[in-house]
Amino acid sequence: MGRLTRDPSALPFDVKKVHHTLVRKDARLAVTHWGGDGRPVVLVHGLTGSQREWEAVAAQLADQCRVVTYDQRCHGQSSGSADHSWSAFVGDLEAVLGDLELHDVTLVGHSFGAGIALEVAVGNENCRALALLDGALPVPVPPPDGRRSHMLLRSLVMFAKWMVLRPFHRVHSLSSAKLREVGNDYRSRCSDFDSALRSLECPAMLVLGSQMEDGRDGSALQVARQEAAARAIQSNPGIEVQWIEARHDMIQTHPREIAQSLVRLHALDH
């Protein structure tokens, strides 16, 4: 797997969160343990995000669960890597589970991170439960509006966001071309997600936002969510679908609702 080293400046687990570095070939992953003595919960952030997006959710879960977050390669405080393939991202989550010796774990993924959590959960006897937050949808997700004016504006907004947040390790280090490559690969995997949902043996929850996204793509994305809910239940009737009054950024805007749903899923006697 990899090699786990503790940040020497970190305090003990029962005092405050502890930061680690997980070394995997050319990638160094920033891992955070939030404390807690219960069964483990691992939170996986989405593309262009970071583990800091989970702070409000993790703080609420830590009272009852052993909470772990990490920055995916090329994101947040983790290093860049020449390998940004889907298998590399999936392997990073498997390495976190293996090196921390996490068993009977609940995996939680948001957006791109949901696809990664889903793939790791299939056939994994250590996976207790799975929560997919507005991601790993078993129907094609519409790509961003391709109009030149819209793409230019979107690029400017993303660059401005990158400039503001990068000093705080809250964004990614992928080039625009590599980011599109990773995003397109993720969006092309709807048939894989459909198959994975059918193969799931652990309890699963799909959390979707009922509020329409801003912009021209909002209605298409909302239709995709509704189709995803129906398709997920068709693929696996045991999957619970929960709608909340939120948009895609639900983990930051509705952390209490998200935490409550995860506690309920995690506490079920499977």
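Is R247 buried, exposed or partly exposed? With a relative accessibility of 31%, R247 counts as partly exposed, where buried means under 20% relative accessible area, exposed over 50% and partly exposed in between (1.4 Å probe, protein chains only). The model is predicted, so local features need pLDDT of at least 70 and side-chain atom pairs count only at pLDDT 80 or more, while totals for chains, interfaces and linings use all residues. Residues are numbered from 1 along each chain as its sequence is written, and side-chain values use heavy atoms, with hydrogens and water left out.

R247 takes part in a salt bridge with D214, whose side chain meets that of R247 at 3.6 Å, N to O. A salt bridge here is a side-chain nitrogen of Lys or Arg within 4 Å of a carboxyl oxygen of Asp or Glu. D214 lies in the loop between β8 and α7, and R247 in the loop between β9 (240–244) and α8 (250–253), so the contact ties together parts that are 33 residues apart in sequence. Helices (H or I, at least four residues) and strands (E, at least two) are DSSP runs, numbered from the N terminus. D214 counts as exposed, because its relative accessibility is 64%.

E213 and R225 form a salt bridge through their side chains, at 2.4 Å from N to O. This pair links distant parts of the chain: E213 is in the loop between β8 (204–209) and α7 (218–235), and R225 is in helix α7, twelve residues apart. E213 counts as buried because its relative accessibility is 17%, and R225 counts as buried because its value is 3%.

In total, the structure holds 13 salt bridges. Another of them joins the side chains of D92 and R24, at 2.5 Å from N to O. Distant parts of the chain are linked by this pair, since D92 belongs to helix α2 (residues 86–99) and R24 to strand β2 (residues 18–24), 68 residues apart. Why does D92 count as buried? D92 is buried because its relative accessible area is 0%. R24 is buried as well, with a relative accessible area of 18%.

The structure holds six aromatic pairs; rings of Phe, Tyr and Trp (its six-membered ring) pair if their centres lie within 6.5 Å, and planes under 30 degrees apart count as stacked, over 60 as edge-to-face and the rest as tilted. The ring centres of W86 and Y186 are 6.4 Å apart and the planes stand at 25 degrees, so this pair is stacked. Because W86 lies in helix α2 and Y186 in helix α5 (residues 176–187), the pair ties together parts that are 100 residues apart in sequence. Both W86 and Y186 are buried.

W86 forms a tilted aromatic pair with F193, with 6.3 Å centre to centre and 55 degrees between the planes. F193 lies in helix α6 (residues 190–199) and W86 in helix α2, so this pair ties together parts that are 107 residues apart in sequence. W86 is buried, with a relative accessible area of 6%, and F193 counts as buried at 5% relative accessibility. Ring pairs link W86, F89, F112, Y186 and F193 into a cluster.

Helix α6 leads on to the packing of helices. Two packed helices are described by the angle between their axes and the distance between the axes. How do the axes of α6 and α7 cross, and within what distance do they come? The two axes come within 8 Å and cross at roughly 45 degrees, which makes α6 oblique to α7. Axes are lines fitted to C-alpha atoms, for helices over the stretch in contact, and angles run from 0 to 180 degrees between N-to-C directions. Angles under 35 degrees count as roughly parallel, over 145 as roughly antiparallel, 65 to 115 as roughly perpendicular and the rest as oblique. D194, L197 and R198 in α6 meet R231, A232 and S235 in α7, contact meaning heavy atoms within 4.5 Å.

S261 is found in helix α9 (residues 255–267). S261 is buried, with a relative accessible area of 6%. Leaving aside neighbours within four places in sequence, S261 is in contact with M205 and Q242.
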